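Q: I've got a protein model open and I'd like to learn how to read it. Could you walk me through a few features?

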Amino acid sequence: MKLTICAPKHSYLLPILANASIYCAEYGHNFIEMSEKQCIDALYTGKADIALINPLDYALSKAQMLIIPTFAVFAESYTGISSIHFSNTSSSIDTIGLESDDFLMNIGLIGLTEKYDLLMQKSIIQSNLDKTSILEYYDSAILWNSQSTISGALDITEEWSDYNDFPLPIAFWACKDEDFAVDLREITKQLAADDLPEIETITDSTEHADEIGRIGSLLYHWKDDFKEHIMSIQHILYYHQMIPEIRDVHILG
């Protein structure tokens with residue numbers, strides 16, 4: 001059985017996708033990188049058989065989805081993936097620009113509400129806007145760190161860990177509730193990097209050798225309590241009116 005496999009094009013997903021192109025080419029599967037919203041839409045419409053999705057899209061999906069319990073991406077404290085920036089010239093924080101409408105960007109918005117009681121007018125940053133001058137147009141901004149040249153910011157996953165006692169679910173494999181003639185668990189294992197560690201430690205280096213930078217970790221191997229964490233984040237998303245209801249979390253097998 002030949003599969004179509006979809007995943008968002010995010011650098012932090014590379015450890016669980018490192019062999020995807022080579023493996024799919026060898027076994028005749030179709031591997032496609034697309035946006036987060038396109039991944040869940042492809043899964044729902046049947047254009048994809050399995051996809052990497054996030055808790056928000058999982059909860060919003062109209063179809064019954066099964067999580068494939070092999071590899072995932074969960075974050076604890078600092079990861080340096082995305083961050084929140086503030087203007088030094090604005091007298092108030094009324095507007096915020098998001099680099100995209102992806103999951104982590106919205107988690108950043110939740111953090112600003114939970115920790116700082118900030119409610120701002122949200123808009124998606126135009127793609128042709130120079131990132132170095134983004135804070136000339138907005139009082140604040142949430143950006144992917146790989147595309148940010150603005151120094152001094154709040155790390156989104158670190159902020160999450162400040163007001164939650166469980167790791168942040170960022171991405172996990174999912175399929176529709178159907179019968180498959182192939183072992184989806186084994187296939188998702190083959191897509192990942194060889195000898196993928198259970199935990200990758202992330203550090204924020206400082207300019208001074210005697211100072212300890214921020215530290216956090218990314219968790220890649222599925223654990224039984226991850227199901228509970230996905231349920232827990234749905235309660236938070238529901239409280240902030242990002243999803244209409246809390247869905248049961250179903251695991252393949």
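Predicted model: local features only at pLDDT ≥ 70, side-chain atom pairs only at ≥ 80, totals over all residues.

Q: What should I look for to find a salt bridge, and how many does the structure hold?

A: Look for a side-chain nitrogen of Lys or Arg within 4 Å of a carboxyl oxygen of Asp or Glu. This structure holds 7 salt bridges.

Q: Can you show me one? Which side chain meets R214 at 3.0 Å, N to O?

A: That's E158, and the two side chains form a salt bridge. R214 sits in the loop between strand 11 (199-203) and strand 12 (215-221), while E158 belongs to helix 5 (residues 156-163), so this pair ties together parts that are 56 residues apart in sequence.

Q: How do I tell whether a residue like E158 is buried or exposed?

A: Check its relative accessible area: buried means under 20%, exposed means over 50%, and partly exposed is in between. E158 comes out at 16%, so it's buried. R214 has 29% relative accessibility, so that one counts as partly exposed.

Q: Which other residue does R214 meet in a salt bridge, at 3.1 Å?

A: D204, again with the distance taken from N to O. Both R214 and D204 lie in the loop between strand 11 and strand 12, so here the pair ties together parts 10 residues apart in sequence. D204 is partly exposed, with a relative accessible area of 22%. Salt bridges can also share partners: K115, E159 and D162 are joined into one network that way.

Q: What about E198: which residue forms a salt bridge with it?

A: K223 does, and their closest N and O atoms are 3.1 Å apart. This pair links distant parts of the chain, 25 residues apart: E198 is in the loop between helix 6 (184-191) and strand 11, and K223 is in the loop between strand 12 and helix 7 (226-239). E198, at 44% relative accessibility, counts as partly exposed, and so does K223 at 31%.

Q: Now for the nonpolar cores. Which residues touch the most other members in the largest one?

A: A core is a set of buried nonpolar residues joined through their side chains. The largest one has 57 residues, and I5, L17, L168 and I170 touch the most other members. Helix 4 (residues 103-116) gives the largest share, 7 residues. Another core, of 22 residues, lies apart from it and includes C6, I67, F74 and A174.

Q: And what does L168 touch?

A: Leaving out residues up to four places away in sequence, its contacts include F103, L104, I107, W160 and I233.

How values were computed:
Residues numbered from 1 in each chain as written. Heavy atoms only, no water. Helix = DSSP H or I, 4+ residues; strand = E, 2+ residues; numbered from the N terminus. Buried < 20%, exposed > 50% of the residue type's maximum accessible area, 1.4 Å probe, protein only. Core = buried A, V, L, I, M, F, W, Y, C linked by side-chain atoms within 4.5 Å. Contact = heavy atoms within 4.5 Å.
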